[in-house]
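Q: Could we go through this structure feature by feature, taking the general idea before the case?

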Amino acid sequence: MRYLIILAFLFNTYLLSAQQPVLITWSAKHSSQPLDGRLLLLLSNNNRAEPRFQIIDGPQTQLVFGTNVENWKAGESKTITGRAFGYPIQSIANVPPGEYYVQALLHRYETFHRKDGHTVKLPMDRGEGQQWNQAPGNLYSKPVKIRIDAKLKNIIRIELTESIPPVKEPEDTRYIKHIKIQSRLLTEFWGRPMYLSAHILLPEGWDTHPDVKYPLAIFHGHFPANFSGFRTMPPDSALKPDYIERFKLTGYNKIVQQEAYNFYKQWTGPAFPRVIAIEIQHANPYYDDSYAVNSANLGPYGDAITYELIPEIEKRFRGIGQGWARFMYGGSTGGWEVLAAQVFYPDQYNGCYAACPDPIDFRAYTVVDLYKDKNAYFLESDFKKTPRPGMRNYLGHVSTTLQEMNYRELALGTQSRSGQQFDIWEAVYSPVGADGYPQPIWNKLTGVIDSSVAAYWKENYDLSYIMKRDWAKIGRQLKGKVHIYCGDMDNYYLNNAVYLTEEMLKALDNPTYEGEVDYGDRAEHCWNGDHTQPNYISRLRYHSMFITKWAEEVKKRAPAGADLTGWRY
């Protein structure tokens, strides 16, 4: 019903009176079966990269228009009309006349028959980390230069001739191993085999100390292709320096390699704590990451990670296998995850270090108070319409609005299927709607907030509220375990929720929380508590920072008789 309402709105708003017809087909060589998915038409006024790689939130974005297709047969034409929702221009009929590089792509959907009785069509991750423009099996066309002009009547014909190839899985090395298990819990929920994977960094001496069991360091974050920040060779001398606009730096790629090599030398050096470090792959049909909690729409990822994957890693690689000997650290998505896992599984983990966490208090859901505000996109006013900001730099200069960010997602996919940030928050936190898809927290077109959904979010995923509500039950298990870090100029305004959470934590008693909250002056996203280094360096040092920090703190929180020396050779 929600999708029909959106279509009706678009039909009445964007008329088809003056638009070149765009017809798209695909060949039977790609599949013997009809296809479902999101059909995207992409336009770019430059050839710096293929149009599919130029759809972003900032001012340099190019154009995308999307429409859902079902049971699309080979050789059958699909027409992109003015009803296809677009970003940043909402209708192709309104594209300024000119020459554009034109490309089409089909983001393929799979049909899931879930345990809850709902049948849904979603883009399963295929090893790429839920990237619509890189997902193996997606069909696309090579870019061609075409004149777009509403006055022209020629038919634009595009054939999806290309298919994105499979991703090559990483190979084991001396230090880095890989594990993949089928999750019983997730398989049961989704009605088809579902897997969890992890990249495992073994400590120096693991093979020569067969009787030692080790603590587990769990680094949460976005989908890792391999274990990050670890390199056994010096930087490549032939590496062509890149330029990173965010940091105004040339040669950041070489800095990244140098930091990874430095960590290898630390990891293998005589003074570094001997722990097993892991990074988890838990991409799913909605995003590159599950947020490591149980969810009505994603299934029991929290239980699957905590009770299936982690014990299996400890079994295979000689982990201590007890809650006191596991800790977590991460930033952004990973920052939210480590705090959430610590709160929801207080005895299974012994410390979390949450940097620049996604909103941990929904009174500051970036710049929106979900419990008081009526509209997410605009400030309340009788006579003016002021858009809420979506992203800024350290000086406060805004590059996109909240509405624009959500319109990009809506062009890429309806019903929370874009694979982007606001849609995954909705998928994780929301109840299941009548159609089987996440119930929207707000109307994606208008920004009007649904207070009943906000109430559900509060009781189930507002971490600040939940800690305060449940402190009498979980406070003693969380004492000293909560550490939060955030730049006070976080690009996505995530520091606002941290301020509210810090105020709440400091007011707790019986027991006091005895953790840590810290801020970086003018620091942007990914700041993680290091006041001695610029953000572009400290963001590369999560492993060395937090493993050494926990190795000291655990001395105060380990149970009597715990082995604190066997893994410190």
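A: Let us begin with burial, where a residue is called buried when its relative accessible area is under 20%, exposed when that area is over 50%, and partly exposed in between. In this predicted model, D373 is buried, and R388 is buried too.

Q: What do the side chains of D373 and R388 form?
A: Side chains of opposite charge can pair when their charged atoms come close. Here the side chains of D373 and R388 meet in a salt bridge, at 3.5 Å from N to O. The pair links distant parts of the chain, with D373 and R388 standing 15 residues apart, each in the loop between β21 (352-355) and β22.

Q: How many salt bridges does the structure hold, and where in the chain do K549 and E553 lie?
A: The structure holds 29 salt bridges. K549 and E553 both lie in helix α12 (residues 542-557), where they are 4 residues apart, about one turn of the helix, and their side chains meet in a salt bridge at 3.8 Å from N to O. K549 counts as partly exposed because its relative accessibility is 28%, whereas E553 is buried because its relative accessible area is 14%. Salt bridges that share partners join E516, K549, E553 and R557 into one network.

Q: Are E76 and K78 buried or partly exposed?
A: E76, at 31% relative accessibility, counts as partly exposed, and K78, with a relative accessible area of 21%, is also partly exposed. The side chains of E76 and K78 meet in a salt bridge of 3.8 Å, N to O.

Q: How far apart are the end C-alpha atoms of α9, and where is its kink centred?
A: Although α9 has 16 residues, its end C-alpha atoms are only 13 Å apart, short of the 22 Å that a straight helix would reach at 1.5 Å a residue. A kink of about 100° in α9 is centred on W471, and W471 is among the buried residues of this helix, which also include L463, I466, M467 and D470. The buried residues of α9 pack against α5 (333-344), α8 (451-461), β24 and α10. Just after α9, G480 takes a positive phi of about 80°.

Q: Which residues touch the most other members of the largest nonpolar core?
A: In soluble globular proteins, nonpolar side chains tend to be buried together. The largest nonpolar core has 138 residues, of which W267, Y329, L339 and L370 touch the most other members. Helix α4 (residues 301-317) gives the most to this core, with 7 residues. Leaving aside neighbours within four places in sequence, the contacts of W267 include Y175, L201, F230, F272 and I547. A second, separate core of 25 residues includes I24, L39, I92 and V95.

Q: What pLDDT does the protein chain average, and where is the pLDDT below 50?
A: The protein chain averages a pLDDT of 95, and 97% of the residues score at least 70. Over residues 1-17 the pLDDT is below 50, and this stretch has 22 contacts in the model beyond near neighbours in sequence.

Conventions: Residues numbered from 1 in each chain as written. Heavy atoms only, no water. Helix = DSSP H or I, 4+ residues; strand = E, 2+ residues; numbered from the N terminus. Expected span 1.5 Å × (residues − 1). Bend = angle between axes of the 7 residues up to and from the residue. Buried < 20%, exposed > 50% of the residue type's maximum accessible area, 1.4 Å probe, protein only. Contact = heavy atoms within 4.5 Å. pLDDT = per-residue confidence, 0-100. Core = buried A, V, L, I, M, F, W, Y, C linked by side-chain atoms within 4.5 Å. Salt bridge = Lys/Arg side-chain N within 4 Å of Asp/Glu carboxyl O.
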